[in-house]
Amino acid sequence: SIHHAANPPEEQSLGNVASRPLPLALGAEIICDDLKSISAEEARFIHQAWLDHLVLLFRGQELSDDDLVAFTLNFGELKDPLPTHQREPGAELKGHPNVSVISNVVENGVAIGVLGDGEALWHTDYNFNERPYAATTLYALEIPPAGGRTGWSNMYAAYETLDPDLRERIQGLTIKHDETYNAAGMLRRGYEPEDDIRISPGPSHPIVRTHPETGHSFLYLGRRLRAYVNGLELADSEELLDRLWAHAEKPEFQWMHDWQVGDLVLWDNRCTMHYREAFPSDSRRILHKTQTVGDRPVFAPSADTLGAHPRAAAM
C-alpha cells in the first residue's frame, strides 16, 4: 500500500526547471525537457532539490554516457575507475570508466553488466568502504515488461520515528560493515571468506550519521547481511540490528518506482536505502549508473539541535 505524506512540500521552479514533490516520505519529479542544456543556476536548484527530497526523478531524457557523467559532476567527484567488483570478468575495459552497466543481458557468453535479474535487498551502496558514495544516478535504457522496480527509503524519517528507548540505546554505537560479501550474499571477487563477522575486513561507521550538507542526522545501517555492532556480544548485536531493520523497512518510509525508458533517477546514497525487485530472466533490463565519492560517515551531536529534516518532520 502507498503511504502518503501528511503535508507534502509545494512545487518550486527556476528557469526551465521545476521540482514537483511526490506525496510520499521522499522523492520529487524534476520537470526538465533536456538535462544537457541546464544552466549553472538550474543545476544548483536541482542540487538543493536533491538535498530536500533525497530522490529525484527526471522523465524522458536522452543521454549519452558523457552526458550522464557531466550531469553527475554537479553532485561531486566521480570515482575513477569503478571498483573491479562492479564489473564482470572480461568487461573491465569496455565502456565509460565512470559508468557501470546494471543489466542481466549476456552477449557472446559474457555479461555486459552486473546484478543480473534477482532481488537486491535494502541496502546503501559502498557502505563497506571508508568513504561510501554520496550521489548515485541510474538511467534506464531497456526495461522489462514486468518486475525490476527500484525502491528508496527515507533514513531521516526512520531515525526520527524510532522508539525513544531504541534511539537512546544506539547513541554512540558503530556498525562494522563486512567487505567480503555483496547484498546478494555472494563473495566479492578478490576476497577470501571469513566466517566470523566480528573480525572480517570492513570499516566501522556510526549507526546515527550526520549529513555533511544538510546537518540533519539519520539512521545509517548499510545492509543487514554480515553486519556487527561493535562491542556487543554477537547475539546482542543480532537482536539490536533485527530491531533496527524491522523499523527501517517499514513501507511508510518508502517509494517504489516503476521504470520507463528515458527515466533518470538521482538519489542521495547517504541518507537513503534502496531495493531492487527481481524480474523474469528471459527479459532484458539495461541501466547505466554513476556515483560520486562521499565523506567518511560521522555523527555530530550538535545536529540534534536542528530538529528533523523537512522530509521527516511530517511523519
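**View 1. Cysteines and disulfides in a predicted model.** The count comes to 0 disulfides, a disulfide being a pair of cysteine sulfur atoms within 2.5 Å. A disulfide is a covalent bond between the sulfur atoms of two cysteines. Cys32 is buried, with a relative accessible area of 8%. Cys271 is buried too, at 1%. Here buried means under 20% relative accessible area, exposed over 50%, and partly exposed in between (1.4 Å probe, protein chains only). This is a predicted model: local features need pLDDT of at least 70, side-chain atom pairs count only at pLDDT 80 or more, and totals for chains, interfaces and linings use all residues. Residues are numbered from 1 along each chain as its sequence is written, and side-chain values use heavy atoms, with hydrogens and water left out.

**View 2. Leu54 in its loop.** Leu54 is not a glycine, yet its phi is positive, about 75°. The residue is found in the loop between helix 1 (40–53) and strand 4 (55–58). Helices (H or I, at least four residues) and strands (E, at least two) are DSSP runs, numbered from the N terminus. Leu54 is buried, with a relative accessible area of 0%.

**View 3. Tyr126 and its ring partner.** Tyr126 also has a positive phi, near 60°, and is a residue other than glycine. Its loop runs between strand 9 (120–123) and strand 10 (133–142). Tyr126 is buried, with a relative accessible area of 9%. The structure holds 9 aromatic pairs. One of them joins Tyr126 and Phe128: edge-to-face, 5.1 Å centre to centre, with 70° between the planes. Rings of Phe, Tyr and Trp (its six-membered ring) pair if their centres lie within 6.5 Å; planes under 30 degrees apart count as stacked, over 60 as edge-to-face and the rest as tilted. Both Tyr126 and Phe128 are buried.

**View 4. Two tryptophans from two strands.** Trp152 and Trp255 form a tilted aromatic pair, 5.2 Å centre to centre and 40° between the planes. Trp152 lies in strand 11 (residues 150–154) and Trp255 in strand 17 (residues 254–257), so the pair ties together parts 103 residues apart in sequence. Trp152 and Trp255 are both buried.

**View 5. An aromatic cluster.** Trp50, Phe58, Phe71 and Phe75 form one aromatic cluster.

**View 6. Arginines over tyrosine rings.** Arg167 lies over the face of Tyr159, 4.1 Å from the ring centre. The charged end of Arg209 sits over the ring of Tyr220, at 4.9 Å from its centre. A charge sits over a ring if NZ of Lys or CZ of Arg is within 6 Å of the ring centre and within 35 degrees of the ring normal.
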